[in-house]
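Please find below a short note on selected features of the structure.

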Amino acid sequence: MSPDEFRAHGHELVEWIARYLETVRDRPVLPEVTPGEVIDALPVQGPEKGEPFSQILEDFNEAILPGSTLWNHPRFFSYFAVSATPPSMLAEFLSAALNQNGILWKSGPALTELEQVVLGWIREWVGLPEEFFGIIYDTASISTLHALIAARQSVDQKTRKDGAARNLVVYTSNQAHSSVEKGALALGFGEENIRKIECDAEFRLSIPALKAALEEDVKEGKIPCCIVPTIGATPTASIDPVAAVIPLARQYGCWVHVDAAYAGPAALLEEKQWMFQDWELADSIVLNPHKWMLVNVDASILFIRRKDQLSDAIGLTPEYLRTQSDPRMLNYMDYSISLGRRFRALKLWMTLRYYGREGVAGTIRSHIGMADWLREQIEADPRFEVAAPVHLGLVCFRMKDSNEKNQQLMDTLNTSGFAFLSHTIQNGQYVLRFSVGNWMTTKEDVEETWERIRKVASAL
Ligand code: PLP
């Protein structure tokens with residue numbers, strides 16, 4: 001593709017995206033496709049000869065777009081906040097053009113240093129001290145996996161040589177994201193050594209139950225390794241008491257990893273500081289800019305106090321990657337399982353510069369405001385009830401009716417294409433999750449969706 005052809009197709013694509021942004025409200029959030037339909041619409045074999053880009057774009061419109069769930073839609077209310085803002089899209093475009101791979105400082109000096117600069121901004125904005133080293137991975141699952149690697153290294157330095165010990169225990173709550181358990185499974189902790197501690201009535205990790213589990217394990221000769229509290233747990237966005245977890249962890253000599261993948265960006269807000277009490281005393285924290293910091297998937301940040309625990313556990317430099325060293329030279333490969341590293345810092349830098357701290361905080365605040373408004377409406381309608389405290393952008397609610405009726409309510413709304421909600425089961429009850437978090441969402445989007453929910457409820 002010549003530069004002139006690229007220019008023409010590039011303009012066409014930018015026009016496509018602008019049009020998408022202008023018309024997205026008229027599109028269904030969930031596609032009307034059946035499993036296998038996209039596969040059947042596409043040729044089984046790859047093209048022998050190259051095809052014109054215009055033809056490819058046409059097929060994208062006809063076969064791919066209609067089969068896409070529109071995460072970047074103002075009425076995408078199902079999973080946690082997702083926003084692909086225009087500056088982040090443009091930054092990804094540029095990043096693809098440079099095709100940086102930040103294995104080492106030498107393989108991407110600007111990538112490596114911009115990542116440090118932009119994570120320094122975020123660290124300061126969310127109120128964490130300078131000791132925290134920041135690194136970007138693709139997802140929170142991978143950030144947490146790395147935190148667990150460091151946690152294990154910190155309590156058992158023999159792992160690298162001898163393999164994993166069989167008696168190290170990981171503690172989290174029964175509301176924690178599955179990535180904690182998955183990470184522990186992948187690292188060989190073993191199901192027997194993963195404790196999913198019960199929660200209190202507000203779905204927060206129960207400290208007495210945690211204490212009892214720690215005591216019991218020590219009595220049985222096990223070694224507490226890592227406690228993972230969550231600020232903004234996936235089912236109901238509950239807030240675990242990190243401040244109460246820290247002294248217990250210190251008493252038992254274990255690592256604290258805070259999963260703030262969703263709620264972490266809310267640390268920008270003065271009025272939400274109570275949720276983050278003492279999180280700066282944790283050993284590591286994950287927060288996802290691709291959830292609530294206006295950048296597109298993927299971008300997850302791990303802040304970790306002792307990056308040496310990571311390099312001690314998994315640092316490995318083959319001869320062909322050896323370079324001269326310099327005190328200011330950081331090689332991210334020393335702290336990561338994956339060698340290759342995309343230039344994700346660029347979209348963070350461009351997006352955060354475009355909106356500024358105030359812009360990001362204002363967007364998060366407006367989402368929380370809309371969620372609060374919805375909570376009030378639910379409380380005012382006797383047919384419904386709020387199912388969990390609303391502190392962030394997530395509202396959990398249900399019709400005061402059977403689980404089947406609640407599921408029907410959600411399915412009817414979702415198949416209409418107008419909005420997309422998800423669900424959780426809490427205490428045996430089917431609960432609907434309405435998560436406000438897209439950068440385009442307006443109060444009208446929330447109002448109209450609530451109106452439709454009420455209508456469907458009446459029809460049911
Ligand atoms: N932690 C929490 C609290 C989450 O809600 C999620 C996903 O929604 C994750 C971790 C996993 O995030 P990722 O998809 O980035 O791995």
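Which residue forms a salt bridge with E202, and how far apart are the closest N and O atoms?

1. The partner of E202 is R204, with 3.5 Å between the closest N and O atoms. A salt bridge here is a side-chain nitrogen of Lys or Arg within 4 Å of a carboxyl oxygen of Asp or Glu. E202, at 34% relative accessible area, is partly exposed, and R204 is partly exposed at 31%. Buried means under 20% relative accessible area, exposed over 50%, and partly exposed in between (1.4 Å probe, protein chains only).

2. The model is predicted: local features need pLDDT of at least 70, side-chain atom pairs count only at pLDDT 80 or more, and totals for chains, interfaces and linings use all residues. Residues are numbered from 1 along each chain as its sequence is written, and side-chain values use heavy atoms, with hydrogens and water left out.

3. R344 and D298 form a salt bridge, their closest N and O atoms being 3.0 Å apart. This pair links distant parts of the chain, 46 residues apart: R344 lies in helix α13 (residues 344–380), D298 in the loop between α11 (289–292) and β7 (300–304). Both R344 and D298 are buried. Helices (H or I, at least four residues) and strands (E, at least two) are DSSP runs, numbered from the N terminus.

4. Also in α13, E379 and R375 are four residues apart, which means a separation of about one helical turn. Their side chains meet in a salt bridge (3.0 Å, N to O).

5. A84, in the loop between α3 and α4 (86–98), counts as buried at 15% relative accessibility. A84 and N438 are 354 residues apart in sequence, yet 8.2 Å apart in space, C-alpha to C-alpha.
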